[in-house]
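Hello,

Here is the structure I promised to pass on to you. Please open it alongside this note, and take your time with it.

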Amino acid sequence: MTSVETTPETSAAPTLEREFIGQSVPRKEDRRLLQGQGVFADDIKRWGMGYIHFVRSPHAHAKIVSIDVTKALELKGVYGTLTGDEVAIQTDPFFQIASEPGAHVQDYALAVGKVRYAGEPVVAVVAETRELARDVSELVEVEYEPLPVVVDARLALDPETPLLHEECGTNRSWSGDYEWGDLDAAFAEADHVVRIKELHFDRFNSTPLELNAALVEYNRGTGQWTMHSNNQFPGFAAIMMGPALRVGLDKLRIVTQDIGGGFGNKITSHPQLTACCLLARKLNRPVQWTEWRTEFHQSMSHGNERWFHDVEVAVKSDGTLLGFRCKALDDAGAYLRYEPLGGVIWSQVTPGLYRWRNIRIEFTQVMTNKAPVSPNRGYSRMQHLWLTERIIDIVAAELGFDPIEIRKLNYIKPEQMPYETPNGCVYDSGDYPRALDLALELIGHDALVERRADAESRGLLLGFGVGSTLDSGTNNFAQSQLINPELQFSGNNEVAMVKLDILGEVVVTLGTAPQGQGHETTAAQVVADIIGCSPDDVTVRVGHDSYWNTHAGFSGTYASQFAVTGLGAVKGAADELAGQMQKLASMVFGCGPDDIELAEGHARIAGNPEAALPFMALGAIVNAGNAGFAEDPPPLNARYVFRPAFDVPDQETKFGNLTLTYATQIHACVIEVDPETGYYEIVDYAVVDDCGSRVNPKIVEGQVMGATAHAIGAAIWETFAYDEEGNLLTPNFYDYHVPHALDMPPLKTGAIESPSPFTPLGTKGMGEGGGAGIHAVCAAIQDALRQAGKPIVCDSHNPYHRVWSMLQDPGATRANVEVHSK
Amino acid sequence: MAEPAKSRTISVEINGDRYEREVPARRLLIHFLRDDLQLTGTHIGCDTGNCGACTISLDGEAVKSCMLLAVQADGATITTVEGLDSNGKLSALQQAFSDTHALQCGFCTPGMLMSATVLLGENPSPSEEEIRVALQGNICRCTGYWNIIEAVQLAAKGGGA
């Protein structure tokens with residue numbers, strides 16, 4: 001593995017002296033995790049707790065005729081059960097984000113009346129042991145009346161197709177037309193129009209290794225629940241659960257500690273948490289729920305599967321791209337747990353990295369008898385960026401342009417930054433051509449011709465591909481109003497509290513729920529630089545606690561934003577604490593606050609080493625020795641809410657800034673394909689990341705690597721495949737192959753820094769990676785097969801058998817593409 | 001014919017301590033470690049023996065503790081992740097994991113450490129390929145494995161786990 005660093009060419013003038021920010025300081029989290037002393041949700045136990053197991057539907061679509069739990073309840077050690085009928089009485093359906101017709105979906109903690117996907121929870125049983133809970137679920141008798149199913153989103157709106165949610169009157173959850181620029185003029189001006197009939201972005205997710213879990217307790221005296229869980233967006237869970245349980249949010253204490261990976265997939269566990277709450281109250285005992293791997297695969301947070309139809313691209317003879325139009329068909333699965341937000345979130349990156357100004361997408365989302373989708377690393381933008389990258393490579397192949405040159409010709413130029421996209425998003429900074437050049441250098445693009453010949457001499461087809469993507473971060477939640485004008489969400493926030501305690505300890509609490517992103521470390525780096533101490537002297541509390549740690553409405557860890565929102569809040573609170581410390585020292589020394597400098601763990605008068613108070617003295621004075629001050633000393637306790645400045649986008653034109661920062665990732669890969677079998681290997685891989693100023697480069701690189709591995713997995717092996725009856729064919733790690741150590745190609749990483757002018761530290765959110773690896777692998781396969789009938793890669797997921805099919809019948813995919821030239 | 005025993009008393013040595021416990025015959029070794037002995041450093045990430053988060057050293061071999069019944073461990077000597085450090089001092093391999101940023105969420109890490117510790121015990125200077133083979137039964141979803149392989153190489157260079 002090789003790593004290349006380049007210094008920024010331009011830099012936002014940093015006002016903060018940075019000793020620790022920008023350094024790869026060792027992670028504060030590591031020690032406990034390496035010693036097996038981390039505390040994950042399943043590690044937490046309570047006396048007398050019961051274990052929950054969900055009885056799940058074997059059918060993808062069926063009426064529930066009857067449920068009989070009598071036999072289960074007769075068994076010794078069984079504490080109780082919960083059925084959909086009880087849930088429907090004791091809770092209200094979860095609030096729906098959708099406007100018409102998805103607004104009518106009735107979604108509960110357990111299936112009520114019918115089931116809509118195989119694996120849907122129908123009954124929950126609670127027993128003394130894990131084993132007994134699982135055994136006893138076999139004794140629950142559920143009679144079903146199977147209904148016809150719809151698995152293929154393309155059939156969901158046929159009049160013949162059965163309805164999942166009769167209340168909606170359709171399987172359409174949401175639709176909306178997006179159009180910016182002048183499409184007619186663009187196509188009139190075009191010398192070539194490239195048409196692609198159909199493209200398909202496959203269904204998969206990030207399969208975090210730790211499964212969803214919770215330990216839930218109910219306090220009968222106060223009517224308050226405590227949930228020790230691994231939900232990664234407690235702010236969202238609380239908003240969903242409070243109204244459903246008919247309580248205020250203060251009755252819901254959500255606590256997280258160590259979380260074993262999330263990647264968006266642990267945002268929508270609110271139905272299961274609600275079932276846990278009902279059981280803890282009903283049985284008057286703590287209840288514990290840990291999902292099984294098969295249950296996760298069958299029911300949790302699949303990534304959005306998306307079809308693109310009738311894609312038309314307007315191209316000038318020199319390769320200038322003028323615009324494109326298409327229909328997007330998104331498959332939400334059976335329920336709308338975070339959807340239909342995917343129907344707008346893609347538009348954060350409407351033009352991808354390119355300067356085309358004329359874009360029209362007719363977006364329709366439908367519901368099918370498959371697991372509900374929810375955010376998954378790269379959520380909704382990845383699908384759209386795959387489309388733009390596919391368009392570029394298909395246009396290049398059909399019109400004879402070099403894929404590198406056509407990208408460079410059309411990339412937004414560094415001197416155009418900040419760049420307003422056709423839909424009013426503002427790309428804050430970036431240098432795409434430079435990032436691409438570095439990726440090409442890392443992968444040895446100069447030697448491609450020789451390598452192609454070498455592969456050929458071994459009977460293999462060499463392919464080269466690039467994927468260029470954006471990682472948009474720090475959502476403006478007002479974009480939800482483009483989905484549903486009735487919604488009141490807008491802006492964003494995160495909060496931090498920094499205090500100096502009696503013995504001089506610096507303590508930070510945050511609203512975030514990290515899952516491996518190193519928040520404790522990077523927050524400590526920022527605080528240390530601001531108040532003048534070492535990160536070792538800063539304690540950052542682990543995780544979210546909605547009773548005892550500070551938190552805000554959007555608190556959580558999702559959507560590439562911590563380096564902006566979380567660290568923005570930390571910086572704000574630390575700045576305020578620093579001012580308080582200066583003020584206190586000035587009161588002690590009888591000087592002005594500006595005469596005090598904070599350094600090396602002391603507040604001291606600059607240039608006078610005798611006049612220095614250690615942090616411990618400051619903490620002790622305020623907390624335990626505060627007599628004799630004429631005016632109140634400052635509290636040495638600062639809370640700061642970071643709020644990015646956003647406006648509400650215009651609903652008519654769908655115009656406005658949807659995210660604050662745009663990190664860049666350019667991936668390049670070389671593959672070798674065996675033309676006999678379709679088997680291929682990635683033989684070289686390079687990634688260049690630009691996420692502005694990096695607080696901890698090693699942590700950034702780690703996430704770049706992780707995103708790369710996820711993309712490679714999705715490109716080659718990982719898929720949630722269903723049969724015609726709606727049975728998931730890949731419900732465990734045997735059938736759903738995630739990359740193993742032997743699967744990973746050699747990797748070279750590089751970084752450039754284009755600091756964001758819009759954020760307190762010049763940072764950008766990062767980590768999702770925009771699926772760039774999927775785009776690069778698709779491009780490389782298409783390149784390799786140029787010599788074998790020139791098939792077009794039309795699917796994001798290309799297992800070996802699909803490549804073999806393309807080799808056998810290249811015409812089948814070629815029929816998908818037409819070029820009309822003037 | 002007598003009914004098969006529903007439970008049995010087993011005696012195992014774990015991280016230097018001797019435990020004698022009566023366990024249900026059907027209890028998995030991983031649940032015995034986590035639920036009965038509170039050794040929660042060893043994790044569960046799948047139902048099928050694929051993920052390796054539950055890897056421990058049993059009589060010197062890396063085994064997946066979700067693939068054994070607790071009663072099968074009777075008489076065995078076991079090391080779990082909790083037994084790798086010496087009085088709080090990280091092992092060379094643990095330190096190398098931190099130095100190379102070979103962990104993010106840390107959930108797979110105990111299993112990775114155990115597989116790699118057993119590898120380095122048997123083969124103090126493994127090739128990159130040998131490391132990949134030794135870790136192929138351990139899934140990591142955060143790192144892409146590159147830094148984990150580097151960590152094992154670093155520990156090997158320093159003289160072992």
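Below is what I found, starting with the ground rules.

This is a predicted model, in which local features need pLDDT of at least 70, side-chain atom pairs count only at pLDDT 80 or more, and totals for chains, interfaces and linings use all residues. Residues are numbered from 1 along each chain as its sequence is written, while chains are lettered from A and ligands numbered from 1 in the order in which they are written.

In chain A, have a look at Asn410(A), which sits in helix α11 (residues 403-410); helices are DSSP runs of H or I, at least four residues, and strands are runs of E, at least two, numbered from the N terminus. Leu321(A) is 89 residues away in sequence, yet the C-alpha atoms of Asn410(A) and Leu321(A) are 6.7 Å apart.

Ile406(A), Arg407(A) and Asn410(A) are buried in α11(A). Down the helix axis, the buried residues fall within an arc of 100° (taken from the directions from the axis to the C-beta atoms), so they line one face of the helix.

Chain B is divided into domain 1 (7-82) and domain 2 (92-157), with bounds from an automatic or database domain assignment. Their C-alpha centres lie 21 Å apart.

Best wishes

Technical notes: A residue is buried if 20 or more other C-beta atoms lie within 10 Å of its own, exposed if 12 or fewer, and partly exposed in between; C-beta atoms are placed from the backbone.
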